[in-house]
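Keep the picture open beside you as you read.

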Amino acid sequence: MTVSDLEAPAGEVVDDIIARAFAEDVGDGDITTLACVSADARISARMRARQPLTLAGVMLAEAAFRALDAKVLITREAEDGESLETGETILKIAGPARAILTAERTALNLVQHLSGIATLVRTYVLAIDGTSAKILDTRKTIPGLRRFGKYACACGGAQNHRMGLYDAVMIKDNHIVAAGSISKAVKQAHDAGHKKVQVECDTPSQVAEALTAGATSLLLDNMTVATLREVVARVDGAVPLEASGGVTLNTVRSIAETGVDFISVGRLTQSAPAVDIGLDFTS
């Protein structure tokens, strides 16, 4: 599977996260490695999957090792978006032992976290296979890591929703309260020059108001499967429909089978467990 929905983070954004990671972990120096390992020692290692997983973030692992010593040699054996089985190799690494030892935990933390997201996403994507619905990510990401979390979602097969508050209008329940009504909020968004306006709706009556007001897509929040079917039938393809709220692996397929176009799942980036990836030294 290739990642086409969102390009892999690169350049300054990768350099920045690696620098911040080393600043908090290494500080003034890895005193254990400096004390126990000679400067001329060399070592080889393999980064391996220790459970079935979907890979994401391999470029960050590579950047972590290379950031400490340009002489570290890395051979990539797997690509982001690939499904790996237990024991499969992700990276082969060789070079100065100090750099590899010091970078080990930072490299693993990043690829374990992002691969955990991708692996959970792939599970949701497979759960709705055969339906017309698509899985979306959300803004429920760790502050400062959104670009990477959303990239990991793309690696798992999800589509990316808006990156932030700046690139798409989504009128949610609290906006409606603050504006006075759905109709007022939609009108003001259109008056501000925004042609595409998504509205969060909790009930069929709100759906009707949003459509009359000129919403171009609807987020159906915490509706039952029966209500989702009712709304899908009423809207009849007039605007895209996104189901959200409390979606789990136990419910996602029944939601998809209602005919909604998208299903957004906050837990993908909010609470995905890290996967088990290890760095095994061979000499």
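At 31% relative accessibility, does R253 count as buried, exposed or partly exposed? R253 counts as partly exposed, where buried means under 20% relative accessible area, exposed means over 50% and partly exposed is in between (1.4 Å probe, protein chains only).

First, some ground rules. This is a predicted model, in which local features need pLDDT of at least 70 and side-chain atom pairs count only at pLDDT 80 or more, while totals for chains, interfaces and linings use all residues. Residues are numbered from 1 along each chain as its sequence is written, and side-chain values use heavy atoms, with hydrogens and water left out.

**The overall picture**

The protein has 283 residues, and buried ones make up 47% of them. Along the principal axes, its C-alpha atoms fill a box of roughly 70 × 40 × 25 Å. The secondary structure comes to eleven helices and twelve strands; these are DSSP runs numbered from the N terminus, with helices being H or I of at least four residues and strands being E of at least two. Now look at contacts, meaning heavy atoms within 4.5 Å. Among those between residues at least 6 apart in sequence, 70% join residues at least 24 apart.

**The core and helix α4**

A nonpolar core is a set of buried Ala, Val, Leu, Ile, Met, Phe, Trp, Tyr and Cys residues joined through side-chain atoms within 4.5 Å. The largest one here has 84 residues, and M47, F65, V199, L218 and I263 have the most contacts inside it. Helix α4, residues 97–127, gives the most to this core, with 14 residues.

Skipping neighbours within four places in sequence, its contacts include M47, I100, A103, E104 and A107.

Helix α9 covers residues 225–235, and its buried residues are T227, L228, V231, V232 and V235. They sit on the same side of α9, because they cover an arc of only 140° around the axis; the arc is that of the directions from the helix axis to the C-beta atoms. On the other side of α9, A226, A233 and R234 are exposed.

What do the buried residues of α9 pack against? Their partners are α8 (204–213), β9 (217–221), β10 (241–244) and α10 (252–256).

**Salt bridges**

A salt bridge is a side-chain nitrogen of Lys or Arg within 4 Å of a carboxyl oxygen of Asp or Glu. By this rule, the count comes to eleven. Here are some of them:

| Pair | Closest N and O atoms |
|---|---|
| D69 and K71 | 3.3 Å |
| R234 and E230 | 3.0 Å |
| E257 and R253 | 3.0 Å |

Salt bridges that share partners also join R48, R50 and D280 into one network.

R234 and E230 both lie in α9, four residues apart, about one turn of the helix. R234 is exposed at 58%, while E230 is partly exposed at 32%.

**Two buried spots to look up**

I182 lies in helix α7, residues 182–191, and is buried at 2% relative accessible area. Its C-alpha atom is separated by 7.6 Å from that of Q206, which is 24 residues away along the chain. Leaving out residues up to four places away in sequence, I182 touches I176, V199, Q206, E209 and A210.

Then find T54 in strand β2, residues 53–54. T54 counts as buried, at 3% relative accessibility. Among the residues T54 touches, not counting those up to four places away in sequence, are G81, S115, R122 and C155.
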